[in-house]
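Subject: Handing over a structure

Dear colleague,

I am passing a structure on to you and would be glad if you could look through it.

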Amino acid sequence: MDLIQLFLAYAKTGIKTRFQYHMDSFLLSFAVFFREASSIFGVYFLLLKFDTLGDWNIKEIFFMFSIISATYSLFIMFFMVFRDFPDWIKHGDFDRILLRPRGIFVQMLLNGADWVAALSHGAISVLMFIVSANSVGIRWNATNILYYIVTIISGTVIQGAIFVFFSAFNFYFSKNHGIKEFVFWKSRRFATFPLSIYGRVVQNILMFVIPFAFVNYFPAQYLLRKSDMAAYPAYYMYLSPVIAVVSFTIAYLFWRFSLRYYQS
Amino acid sequence: MIIVKNAVKIFDNEIHATDNVSFHISSCEKVGLIGVNGAGKTTLIRLICGLLRPDSGYIRVFRREPLSWDKTIGMKMGMVYGLGAILAGKGKVSFGFDALSCFAGSGNLDSELTIKNNFELIQTIYRIPQDLFWSRFDELDEALGVKEYMNYHINQLSLGQKMRAEIASVLIYEPELLILDEPFVGIDVSAKEAIRMLLKKLSMNKNTTIILATHNVEEIEKICNRVMFLDRGKMIYDGSFDKIKYLHGCMNTISVEFDEKIPDLQDLPIVKYEIENHRMKAWYNSDIVSAKEITAFIVSRYRIKDLLIHKPTIEEMIKSIYGGIST
């Protein structure tokens, strides 16, 4: 109850701040929207030429994309501080969090959430979902809806874990902006397309190192049942929540451990 | 309340920022921390609040090891950083990036939010009931005048306005231990006076322990009853102002302007004297000879135009502690 109150307070002040310059946030959300939309058009034109990519048609790829956008939208609500962590340390904002009598991690979640960008990514995901969800042969019964919700939550947590893990390096080196962004955005781009079209190395990385495959590919497989799933163990389709819990636990423990080495 | 024993903190560049410092501060004390820039004030404060850990030695705050994420300590402790602290301490010693850019964001207030939003967050974080919180806020507003900027963003405020908001944001949860690092830099005289009154009231009514770090001795003299001097990480003095006055306040001067030729003062037990035209300046130790004796001696023998007795100010006494000659 107490925690919810704190989260609500952060959300309230955050939304107020982000949206108070109406024109500014309006333009920013459009910019983000069109950036995302342009990558969707890229996929669209590619598939006009090839028709399918590893047995996946355009609607199915759009469906995968909608999962990525939805989870990313939630991710930037909760894990924004970890994305911009070097700046938080540099500007002394992290010291403020440290000195306040609440859990540090709890204070960091939701704090500084980029509500404008979250809204744009959310809009993209809803749009992609509307375009694809009813024409890819998914029966939206209770089980599938529940599975979808769990998928979105797991996907958000997995991406959060990646950022929490990499932001912990900032306790040791004050600058490592590059690595985190590179790893995350490259993986995210790979995850736009079905895992099966990549080589063995990339596949293994996306499954076991930066587990983006469990954000959208395997969950989408459960709902779509494409033929390329035969190359992977069937239980991978149910593994996303487990991967989320495990990766987040590892990331959190590593972060907590590294905090001991932090000198303001 | 605070125990520091043989604390040592050495930075990468082998500067001993805190060099074997030991002291004990009990509840309700008002301690002034004096030192020139780079003397190690900010480092010592950061050790106390757990943002830094000592390389060796022992520090306890509220009978706990200060770790900045300790919620029990966080609830009872308030930190105010002033501009001086941020420019001198954070900018140079620990990082080396542009100090001013770092000032933009640091402090207790989130620079992206308005004062109002910041205070709403503080109310939730410190679990203070709404009505109590805002009645305290009105009280603080009388002294600090932050209400009129309620809907301004922190980075829209002037330095003085920002400092007042910072101080209000800490005092509002009534910490048992209040640490202020250079809080008076950039604040006008009336606001300084208001803050001083506020601090006095706080320590009287709420038994707040106050640690005030500054290089402005005057402020410390007005607020604190105990003072510590730091010099290059070492504690060179720890005690009351009275003790300083007793130890270092005895070297007084007397300036006399004569109407005639400068006389011979060899009979008087003065330390030294300087002569310039008709004016003579003499240094004497007030423990050995009183001003009364000297003036009586001069007035009874010579015709004088003017006479001035000067007792050393605290500032001058401190200079003498730091190794200068008492003048």
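To begin with chain A of this predicted model, helix 3 (residues 58-78) of chain A packs with helix 8 (residues 115-132) of chain A at an angle of about 155°, and their axes are 8 Å apart. Since angles over 145 degrees count as roughly antiparallel, helix 3 of chain A is therefore roughly antiparallel to helix 8 of chain A. The crossing in which helix 3 of chain A passes helix 8 of chain A is left-handed. On the side of helix 3 of chain A, the residues that make the contact include A:Phe62, A:Phe63, A:Phe65 and A:Ser69, while those of helix 8 of chain A include A:His121, A:Gly122, A:Met128 and A:Phe129. Taken together, the residues of this contact of helix 3 of chain A with helix 8 of chain A divide into 13 nonpolar, 7 polar and 1 charged.

Helix 3 of chain A also packs with helix 2 (residues 22-50) of chain A, at an angle of about 160° and with the axes 11 Å apart, so helix 2 of chain A and helix 3 of chain A are roughly antiparallel to each other. Here the crossing is right-handed. The contact is made by A:Glu36, A:Ile40, A:Val43, A:Tyr44 and A:Leu47 of helix 2 of chain A, together with A:Ile58, A:Ile61, A:Phe65 and A:Ser69 of helix 3 of chain A. The residues of the contact of helix 2 of chain A with helix 3 of chain A divide into 7 nonpolar, 1 polar and 1 charged.

Turning to chain B, the chain is divided into domain 1 (2-245) and domain 2 (250-311), and 45 Å separate the centres of these two domains, taken over C-alpha atoms.

Chain B has an open sheet of 6 strands, in which the order is 5-6-7-3-8-9 and the pairing is mixed. Strand 5 (77-81) and strand 9 (234-239) of chain B stand at the edges with a single partner strand each, so one side of each is left without a neighbour in the sheet. From one strand to the next, the twist averages 15°. Strand 5 of chain B runs parallel to strand 6 (residues 177-181) of chain B, and 5 bridges join them; within this pair, B:Tyr81 stands opposite B:Asp181 in strand 6 of chain B. Helix 7 (residues 159-171) of chain B packs on the sheet, where it touches strand 5 and strand 6 of chain B, and its direction makes about 175° with that of strand 5 of chain B.

Helix 7 of chain B packs with helix 8 (residues 189-205) of chain B as well, at an angle of about 10° and with their axes 12 Å apart, and the two helices are therefore roughly parallel to each other. In this contact B:Gly160, B:Arg164, B:Ile167 and B:Leu171 of helix 7 of chain B meet B:Ala191, B:Ile195, B:Leu198 and B:Leu202 of helix 8 of chain B, and these residues divide into 6 nonpolar, 1 polar and 1 charged.

Lastly, strand 10 (residues 251-258) of chain B pairs in the antiparallel sense with strand 12 (residues 279-285) of chain B over 7 bridges, and there B:Ser255 stands opposite B:Lys281. Strand 10 of chain B also runs antiparallel to strand 13 (residues 304-310) of chain B, to which 6 bridges join it, with B:Ile309 in strand 13 of chain B as the bridge partner of B:Ile254.

With kind regards

Methods:
Residues are numbered from 1 along each chain as its sequence is written. Chains are lettered from A and ligands numbered from 1 in the order in which they are written. This is a predicted model: local features need pLDDT of at least 70, side-chain atom pairs count only at pLDDT 80 or more; totals for chains, interfaces and linings use all residues. Two strands pair if DSSP finds at least two bridges between them. Helices (H or I, at least four residues) and strands (E, at least two) are DSSP runs, numbered from the N terminus. Domain bounds come from an automatic or database domain assignment. Axes are lines fitted to C-alpha atoms, for helices over the stretch in contact, and angles run from 0 to 180 degrees between N-to-C directions. Two residues are in contact if their C-beta atoms, placed from the backbone, lie within 7 Å. Angles under 35 degrees count as roughly parallel, over 145 as roughly antiparallel, 65 to 115 as roughly perpendicular and the rest as oblique. A crossing is left-handed if the near helix is turned anticlockwise from the far one by less than a right angle, and right-handed if clockwise. Ala, Val, Leu, Ile, Met, Phe, Trp, Tyr, Cys and Pro count as nonpolar, Asp, Glu, Lys and Arg as charged, and the others, Gly among them, as polar.
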